[in-house]
Amino acid sequence: MKIKKQILILILVFFNFSYSLLGQNSFGTIRYYDLAIKIDYKKKKIFNKAEITIINESNKEIAVIPLILYRLLKVNSISIDNKPIKFYQQIKSFKDFEVLQVNEINLKLDKPILKGNSVKIIMEYEGTLLGYAETGMSYIKDHIDLNFTILRPDCLSYPILGYPEFSTIKSISLQNFEYEIKLNIPNNLCAVNGGILTNKVTKKGYTTYTFKSSKPTYQMVTAIADYKKLETENISTYYFEKDSTEAKKVHRVLLNTFELYSKWWGKLNNKNTFSLIEIPDNYGSQATESYVIQTAAAFNNPDQLMQLYHEISHLWNVKSTNKYPSRWNEGLATFIQYKTVDKLENRNVLNTEIIKVYESIKKNKNYRKKAFINYGKENVTDRSYKTGFIFFYVLHNVVGENKFNQIIRTFYQKYSNSGATIKEFENLATKVSNRNLSNLFNDWFYTTNFYYNLKENIPISKIVESYNLN
């Protein structure tokens, strides 16, 4: 997936990254956001009031709370218990990525937060969004526009706890919180959020949407446009009117994909609604268990529907609890997208694509230098798409389709709440398949032995056969 590769290479991912960082900081953890947001489209500004509950889960007292915001968002006031407190804000570059600038805010507390205690901060801020494309992160085009506006952590449109450095970005996915958002926009627009819509009030040309999180999450994403909607039971598709004909086709594909994946891997544990949300091209597609934001390409080009297959398959993923996740789920999703094309579109693309990826890895000597399990530690998780694609293709052919699906189904059912390591996945796959998979995992995850088979130009079918001899 080209867009997602850009994200991984350029920003080292805003989501699902390092599991070890939580608890190491000494400035607390956000547990609740209460946001009141008004968007003024004439001024192209947002006006926000954020109530943020922060708990001290460290062994140290917290005397200073650091926060970062988008560089063009200015804080007007901060208070605790209705008492204004001192704060300092300045435009600051990331110390490990100088072209990325943010508004750094430091709050000096009158009383330190003791271990286990919490504090509620009330912050008012305003400003505009112009994205981060100039940094090389071309998918972050976020800006205030009547045609389309998106509010998300990628552009730091709401306060994030931490300092201007990548350890803050890496820890975003670990600070699971609940939230309530009250969003005030012109009533000719529609707002869609990953949470549950609990209230909608229209008055004097403006509509206030109230969204609440359905469960703790690591992010808030809200898309705003003149959306139209298709809904079947608890599955909805939000689309741009110009794509109405294509949206009907995509909605049917969405339903068929859910039906197929549910047949393969069982029903999702999440019992709430699911939304597919169209966004403009080059904004970066993304999946969570309650929604997928999908670029328009999948709506307008049937060949790009595999993007949708890829993102929806992520809903059955298990969060990695490895210290440095390699993002092997991207390899699994890549394999599944082509397998789904074969199943739903009756096109034989899987075997064609596996040869292409095989050849591209074979020509790239970098793949022999770092083991798959170390991709996260070495910040090369973009390789997970290709390495993982071939690994899961081989695994699928070694154990067979039924056992493969049983592995994914059982892994999801057992670890969807707790998360799991690569070793736990290996142990479960071995048990479910009743096969000795140690050589397969050793060659593809723990070493780079796989590369030498590719270098010797051994056909993929022969590679599969070699593991069948175990």
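Me: Is Ser58 buried or exposed?
Reply: Ser58 counts as buried, at 8% relative accessibility. Buried means under 20% relative accessible area, exposed over 50%, partly exposed in between (1.4 Å probe, protein chains only). Bear in mind that this is a predicted model, where local features need pLDDT of at least 70, side-chain atom pairs count only at pLDDT 80 or more, and totals for chains, interfaces and linings use all residues. Residues are numbered from 1 along each chain as its sequence is written, and side-chain values use heavy atoms, with hydrogens and water left out.

Me: Where does Ser58 lie?
Reply: In the loop between β2 (45-55) and β3 (62-70). Strands are DSSP runs of E, at least two residues, numbered from the N terminus.

Me: And what does the Ser58 side chain reach?
Reply: The backbone oxygen of Lys60, at 3.2 Å. The side chains of Ser58 and Asn56 are also joined by a polar contact of 2.8 Å. That term is a pair of N or O atoms within 3.5 Å; within protein, one must be able to donate a hydrogen and the other to accept it, and residues adjacent in sequence count only if both atoms are side-chain atoms.

Me: Switching topic: what's the strand order in the open sheet of eight?
Reply: β5-β4-β8-β2-β1-β11-β14-β13, with mixed pairing. Strands pair if DSSP finds at least two bridges between them. β5 (83-84) and β13 (196-203) are at the edges with a single partner strand each, so one side of each has no neighbour in the sheet.

Me: How many bridges between β11 and β14?
Reply: Seven, in the antiparallel sense. Ile185 has Thr207 in β14 as its bridge partner.

How values were computed. Helices (H or I, at least four residues) and strands (E, at least two) are DSSP runs, numbered from the N terminus.
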